[in-house]
Amino acid sequence: MPPTTPYAGKFSSCSSYGNNNNNHPAPHSPYRNGTAPEPAKENVHNGAYAENPYDVPQPHAAYRSSSVSSVTARERHYKAGCAVSENPYSSPQPHSPRQHSTSCPGRAYRHTTTSSSSGGSEQSSRNNSVAAKGRRYGHGVTASYGEMCYHDNSLVSASLEALIQHLVPTVDYYPDRSYVFTFLLSSRLFLHPYELMTRVCHLCVEQQWSGDALLDKIRFREVAPKLVQLLTEWTETFPYDFRDERMMRCLNDMTQHVARGDEYSWRAMQQMTQRLIKRLSALGQYEEAVSALSAVATERPASLKGRQAAGQRSDVMSACDDPFVLAQQLTHIELDRLSFIGPEEFIQTFAMKDPLENHKGFFRKRKTSNLEAYINWFNRLSYLVATEICMPVKKKHRARIIEFFIDVAQECFNIGNFNSLMAIITGMNMSPVARLRKTWSKVNTDKFEILEHQMDPSSNFTNYRTALRGATQRSETAHSSQEKIVIPFFSLLIKDIYFLNEGCASKLTNGHINFEKLWELAKQVSEFLVWRQVICPFDRDRRILQYLVTTPVFTEDELHLASYESEGPENNMEKDSRRSLRSSLLHRENRS
């Protein structure tokens with residue numbers, strides 16, 4: 001357990017975090033059970049975005065929880081070729097034994113003897129599965145069954161063909177949902193989702209083929225409900241995969257195939273497709289709304305400083321003078337944008353470039369657009385904070401704005417909104433703000449120093465990770481919806497996943513997929529899905545939300561110039577910088 005921060009619990013309204021962060025027991029892992037929520041019956045927006053994406057009905061809790069929120073996993077030490085211990089962003093993970101009902105050796109043996117594999121892979125699989133070999137070392141047992149390797153009955157490596165086969169349902173078998181989520185999430189490191197879906201559907205149908213038309217129909221009728229279940233999990237957990245028109249074509253082909261054998265399953269496929277289309281439609285409307293808001297927000301304020309001095313521009317405190325209310329509205333924005341980030345976007349940020357990327361599909365969009373939009377929101381909030389501080393002409397007004405944002409940051413911390421907290425701290429530490437020494441001399445910085453200590457990047461963000469564990473524990477034992485909120489510092493979460501991927505080989509020397517790595521990737525992403533599914537309990541204030549997402553902000557150069565106008569240059573270097581900025585911005589305005 002990382003050492004506690006000396007400031008833990010100093011804020012009186014943060015009692016739920018405890019007075020000593022070291023007293024928190026290890027939080028339950030999101031992998032704590034081997035099951036996942038049943039597919040949601042309804043999982044889309046009932047309304048469309050209008051003027052503001054933050055003034056609309058939110059996704060039902062059923063949809064947000066339909067993503068796999070629990071994937072069983074076991075903490076382990078990586079062996080050769082898996083240098084996760086060198087990850088500068090790694091942190092101790094809570095112990096949670098994996099219990100996979102589908103990691104049964106019998107299942108692996110059965111599939112390695114079927115005719116579903118092709119060519120040399122099929123022959124190799126059959127030869128290797130003739131006799132399963134096991135050996136004992138340390139405190140566990142490692143066994144190989146065909147092309148799948150287990151340790152303590154947990155899948156640790158396998159060939160890609162065997163993993164695909166392991167995903168295919170049969171009459172008497174359905175893969176564990178933790179395996180379904182893990183493989184669907186990380187398989188895109190090795191093959192395109194469209195290729196995976198094509199192969200899975202083909203294998204599922206091929207396995208029921210016997211040459212007798214009547215018998216084939218009966219056998220497919222028996223397996224059809226399980227195929228529908230697999231596709232339902234896919235479409236509800238990774239709906240953005242189906243923005244590729246080839247995926248939709250494959251889904252429609254399977255719907256027609258199912259219709260020939262089982263009317264009940266056919267109806268289920270139709271309902272699943274309708275929910276998927278609604279979800280993709282809501283996503284498209286959200287992206288268009290965010291794009292439109294971004295266009296408004298990037299309107300170049302020709303002379304915001306002059307307009308504000310003339311009283312023609314309101315500041316943030318005129319929109320909301322209550323730090324707690326503003327923190328609530330920031331939490332709305334955070335949770336709204338988090339809810340549209342697909343779990344696969346974390347993997348696709350560092351996946352190999354898709355050779356079919358130029359395919360022009362009906363649903364084709366950038367594969368990480370929602371993740372990038374969320375990062376852009378963090379940057380915008382930081383620049384908004386800096387703009388609001390540098391804008392006022394009078395020193396006492398600037399000091400008041402600084403103190404206001406310190407209080408907002410404190411409320412974000414108490415809520416569990418660490419992303420907005422870090423964005424505010426980042427904005428207040430930008431050089432145009434930090435250099436305002438006369439302004440800062442009027443500010444009581446005690447609370448700000450405490451907040452900075454909480455988010456101190458030293459020792460791999462030890463203090464932040466301690467607070468995050470406290471918030472996670474509070475969420476798991478919450479008695480109110482407000483206590484369930486956990487919004488992580490998002491950039492650090494992405495870095496954690498990135499270094500986990502970079503620090504551990506995806507393939508072993510024998511050509512097998514390193515499935516232990518895939519378990520760990522799924523573990524981190526599933527934690528995010530648990531946090532994402534929370535519905536924000538606070539009332540929305542449309543006026544405040546509109547201000548936060550549309551008010552124009554200064555660029556970095558404009559911030560520096562505004563800072564110099566607020567408090568003049570203190571040395572020759574700053575004088576030269578101001579002169580250069582004035583010339584550059586004047587030239588830019590004349591060109592526009």
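Modeller: Strands are DSSP runs of E, at least two residues long, numbered from the N terminus. This model is predicted.

Colleague: Where is the place of aspartate 152?

Modeller: Look for strands β3 (148-151) and β4 (154-158). Aspartate 152 sits in the loop between β3 and β4.

Colleague: What is the phi of aspartate 152?

Modeller: Most residues other than glycine have a negative phi. Aspartate 152 is not a glycine, yet its phi is positive. The value is about 55°.

Colleague: Is aspartate 152 buried, exposed or partly exposed?

Modeller: Buried means under 20% relative accessible area, and exposed means over 50%. Aspartate 152 has 39% relative accessibility, so it counts as partly exposed.

Colleague: Is asparagine 460 buried or exposed?

Modeller: Asparagine 460 lies in helix α20 (residues 458-476). Its phi is also positive, near 60°. Its relative accessible area is 17%. The cut-off is under 20%, so asparagine 460 is buried.

Colleague: Are α12 and α14 roughly parallel or antiparallel?

Modeller: The axes of α12 (residues 323-339) and α14 (residues 369-390) come within 10 Å. They cross at roughly 160°. Angles over 145 degrees count as roughly antiparallel. Therefore α12 and α14 are roughly antiparallel.

Colleague: How many residues of the contact of α12 with α14 are charged?

Modeller: α12 brings Leu330, Ile333, Glu334, Arg337 and Leu338 to the contact. α14 brings Ala373, Tyr374, Trp377 and Leu381. The contact has 7 nonpolar residues and no polar ones. The number of charged residues is 2.

Colleague: Is the crossing of α12 and α14 left-handed or right-handed?

Modeller: Take the pair whose axes come within 10 Å. The crossing of α12 past α14 is right-handed.

Definitions and conventions:
Residues are numbered from 1 along each chain as its sequence is written. This is a predicted model: local features need pLDDT of at least 70, side-chain atom pairs count only at pLDDT 80 or more; totals for chains, interfaces and linings use all residues. Side-chain values use heavy atoms; hydrogens and water are left out. Axes are lines fitted to C-alpha atoms, for helices over the stretch in contact, and angles run from 0 to 180 degrees between N-to-C directions. Helices (H or I, at least four residues) and strands (E, at least two) are DSSP runs, numbered from the N terminus. Angles under 35 degrees count as roughly parallel, over 145 as roughly antiparallel, 65 to 115 as roughly perpendicular and the rest as oblique. A crossing is left-handed if the near helix is turned anticlockwise from the far one by less than a right angle, and right-handed if clockwise. Contact means heavy atoms within 4.5 Å. Ala, Val, Leu, Ile, Met, Phe, Trp, Tyr, Cys and Pro count as nonpolar, Asp, Glu, Lys and Arg as charged, and the others, Gly among them, as polar. Buried means under 20% relative accessible area, exposed over 50%, partly exposed in between (1.4 Å probe, protein chains only).
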